[in-house]
Amino acid sequence: VQLQASGGGLVQAGGSLRLSCAASGSIFGINSMAWYRQAPGKQREWVATVTNSGSSIYADSVKGRFTISRDSPKNTVYLQMSSLKPEDTAVYYCAVASSTGNYWGQGTQVTVSS
């Protein structure tokens with residue numbers, strides 16, 4: 001199973017980015033897909049989750065600015081990030097919880113300049 005994340009980059013404060021993460025391989029029964037992030041010198045933190053029913057939940061720090069969505073037939077999860085702040089700078093990781101196991105992507109760097 002591979003999770004390929006993309007879409008990171010350098011953006012000015014107030015800007016937007018859209019992250020994508022596609023799961024491939026022998027993965028079945030995806031229950032939820034999520035995004036986490038890890039800033040330099042900090043622990044990895046949860047950002048948002050979307051369930052197989054389409055429900056989404058967010059960390060307070062990103063609520064109202066980020067939107068998580070999924071394309072179930074493509075086993076792909078997205079994170080639309082708007083009104084970005086310098087404190088959003090981190091490596092963003094996607095994660096999948098499924099009946100065949102839990103998996104992590106390799107991470108994509110997001111840098112927000114002030």
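Trainee: What makes Arg18 count as lying over the face of Tyr78?

Mentor: Arg18 is 4.1 Å from the ring centre of Tyr78. A charge sits over a ring if NZ of Lys or CZ of Arg is within 6 Å of the ring centre and within 35 degrees of the ring normal, so Arg18 qualifies. Keep in mind that this is a predicted model, where local features need pLDDT of at least 70, side-chain atom pairs count only at pLDDT 80 or more, and totals for chains, interfaces and linings use all residues. Residues are numbered from 1 along each chain as its sequence is written, and side-chain values use heavy atoms, with hydrogens and water left out.

Trainee: Where does the charged end of Arg44 sit?

Mentor: It is over the ring of Trp104, 4.7 Å from the centre of that ring.

Trainee: How many helices and strands does the protein have?

Mentor: Zero helices and eleven strands. Both are DSSP runs numbered from the N terminus: helices are H or I with at least four residues, strands E with at least two.

Trainee: Why is the protein called as compact as a globular protein of its length?

Mentor: Its radius of gyration, taken over C-alpha atoms, is 13 Å.

Trainee: What share of the residues counts as buried?

Mentor: Of the 114 residues, 43% do. Buried means under 20% relative accessible area, exposed over 50%, and partly exposed in between, with a 1.4 Å probe and protein chains only.

How values were computed
Rg over C-alpha atoms; globule rule 2.2 N^0.38 Å.
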